Structure formats: structure tokens, C-alpha cells
Amino acid sequence: DLDGTIHSSGSGARAVAAMNTGSGGVLSLRQGASGDISSGSDAVVLLSYGQEGAQVNLSGRIASARGQGVYLDKRAGAGEVNLRAAGQITGATSGITIINDAGVPGSLDPTRILLEGDVTGSSRAGVLVNHSTAGDLILRQMQGAVAGGIDGIHLLNTGSGEAQIELHGDVQANRYGAILTQEGNGNVRVEQYSGTLSGGELGLHINNPGEGDVSVSTAADIRGGRYGVSLTNSGTSGTTHINLHQTSGTFSGGEAGLVIANAGKFGMTRLRLEGNTMGGSDAAIVANTLSTAIEIMADARVDGRASGTAIRRQEMINPHDGAAVRGPLHVSSSGWMAGDAILGYGDDVFKLQGGHLLGSIHADHAPGATRVAGEFAGGDDTFEWSAGEFTGNFYGQAGSDSVRISATGYDGSQQFDGGDDTSATD
């Protein structure tokens, strides 16, 4: 138990250092709210090499002038890793670093992190976690703010457990990603309830190269210098889904507000948007997936005015087998959308059910795609306009396309062009 002041001033001196080995029990550290720990090097270093894990409860101030605020390493032992940070933690490099690698095949030891105070890593990450057991990696930010010179919160989960993130505060990254998660073979679940995610490159980035699903729910602003939200599944087989529900807030990026890439051969991508999505030099939404459904709800705004494109379907090359990932794009919109919708490779469906569509629809049109003779000849695209305002045109291009109009706003000024097709009559 630490309730007083501990200070070390040497360049390599640590204010608090503890280690257990062999058959030792739990490595336990508690710092009270009145505690004050500071160091010229790493402030708190904990090495849990025993058999019952680590329990760390920090409620005071921890500061490092030239190293990490808190470093917790469990690379040789067993047991759970539990850390609660309720005070103020500052590191010259990273604020908090946790490594959980039990070195035991099939280990189910979880990592649990509870953040209730401010955490800052000046030159690296606010919070950096490397988790490689088969247990779950769980991070809950209930209060406070996290800031990092490179990343805000960087979670690397190379095990097979699930990664779970719950956010109630601000997370900022000066150079790269506010929230950066890389998963092994488990599912990834992110729930943002409040606070702003702001990254120099990316606001929220999830890279899942395994076979798990990605599920994200957001309720506040997420912005990045390049992309606001970037979600990637790059597994080569299995059913890998991406599900995103934006209940409120704004996605914004210097290039695109929302970028989705799903290389799963049998996976679905489902996007339900109830807030704002704003693009910059690229489209507001960029979709590189096999099969995608986008719901733009009545209160949603998709703003692609800066580039002229609201939605853009782009070919994705699977990084594992080099195969092109191509599939239909289904959009239903009852909100406000400005900019063109550039759809996919045929069998696309756009349903305008209300609101405003201030742009044109281009089916069978994916810039950069490699056309192969006899492949993806265009499919049969469908545009259904049942309500709302439509100020652009529909270009079906290849395939045998259909347009169904029941909206009272139709005034004859729109152009509906099925395009040229040598194999079918539009």
C-alpha cells in the first residue's frame, strides 16, 4: 500500500519496482488518492512472473520525466491481469504499458483495464497493451481523458480471446490513431457512449486479420486527419462480419469520414447511420467489401460536397491470397445525402425512401477495378424511389437495370439511363 510521496531523481532510478517469481501469489499494489509517485525514469515497474497474476489499483498521481508512467509485465507467469487507474498518470514515453503473455499454450488469463482518471503518454501511447493469451482483453474508460504523442489507446491482441472496449471520455492522438486495435482471431467490440476520439491520422481504427467479427456502436464525434472511422477485416475464409451502428455524433476525416474494408469471403458488412458523416478529399463513405448494406436513417447526414462523392465503392485486394473482393452494394436512405453515390459491380440496389439525395447514382462503377472478360458483366441494378427529393440522375450502365418510381416528388427532370449492354436489353 502506497499513500505517501515517493520520488526518485536518478536517470535510471525507478520510484516503485516490484517482482514476484516461481510459485509466488498475486502481485498486488494499491496507491491511495493522496499518493504521489514521480521518477526521472519509469515511475512504476511491476514484473508478475508468479502463478496468480497481478492486481493493481492506482488512485493518486504518477509521473515520469523520461520514461513510462506505469509498466506492468506478465510474460512468464500465470493468472489474471487487473489494473484500475483512477488518478493522474503521465509518462514521457507511454502513460501505461501492459504486457500479458503467460507463455502457456491455451492460457485463458484475461487482461482487464479500468480507467477512471487522466492518462498521458507524451511521445508514444497514452495506453499501450500487448495481450497474447486466449483470454479476453477488456478496457473500460469510465471517466477522464487519454492522450498520446503517437496513439491514444493502442491495443494489440494476438491471442484468440475477444477484445472489448467501452468509452465514456475523450481520447486524443497527436500523430496516428486515437483508438487503434489489432486483433488475432477473436471478435472485436467497441462501444462509445460519450467523449470525442481525435487522431492525427485516424480517429478509430480496427484491424482484424483473423476470423472474428467486428462490432462497433458510437454516440459521439470521431475525427481523424485522414479517416474518421476505419474498420478492416482481412481474414481469408470463414464468416467475418462488420457491424456498425452510429446512433449520433459525427464521423469526419481529411480524406473520408468512414472507410470499411471486409475481405471475408462469406462475410456481410452492415452500416446503420443516424448521425453525420463528412468526407474531405475523398467520399464521405468508402466501402471495400464483398457485400455491403448501408442504412441512412432519417436524422442522418452524409456530406460528400467537398469531393462531390457521398458514397464510393472501391475494389479491395485480399492481402493474403491476392484475390479481388467484389460484391453488391445495397443502400437505403431516408436522410440527407449530398454528393454522388458510386456503387459496385452489379446487382446494386439503391432505395430512396425519404429525405434528400442531392447527387446522382452510378451503378456498376467502381474506379480502379480490373475488368476480367466474362466476369462481373454488370448484373441487374435497381433504383427504387418511393419518397423524398432526388436532384440527380441514375446511370445503370451494364446489366439489365430497373427503375421504380412512386414518389410524388418526381417532376420529369431526372434522367434514368440504363447504359449500354451487349448481352441484355435495358
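Arg140 forms a salt bridge with Glu166, with the closest N and O atoms 3.3 Å apart; the term stands for a side-chain nitrogen of Lys or Arg within 4 Å of a carboxyl oxygen of Asp or Glu. Arg140 lies in strand β15 (residues 137–141) and Glu166 in strand β18 (residues 163–167), so the pair ties together parts that are 26 residues apart in sequence. Strands are DSSP runs of E with at least two residues, numbered from the N terminus. Glu166 is buried at 17% relative accessibility, whereas Arg140 is partly exposed at 35% (buried is under 20% relative accessible area, exposed over 50%, partly exposed in between, with a 1.4 Å probe and protein chains only).

This is a predicted model: local features need pLDDT of at least 70, side-chain atom pairs count only at pLDDT 80 or more, and totals for chains, interfaces and linings use all residues. Residues are numbered from 1 along each chain as its sequence is written, and side-chain values use heavy atoms, leaving out hydrogens and water.

The salt bridges number 16. In one of them, Asp109 and Lys74 have their closest N and O atoms 3.1 Å apart. Asp109 sits in the loop between β11 (96–100) and β12 (111–115) and Lys74 in strand β8 (residues 70–74), so this pair ties together parts 35 residues apart in sequence. Lys74 is buried, with a relative accessible area of 0%, and Asp109 is buried at 15%.

Conventions. Helices (H or I, at least four residues) and strands (E, at least two) are DSSP runs, numbered from the N terminus.
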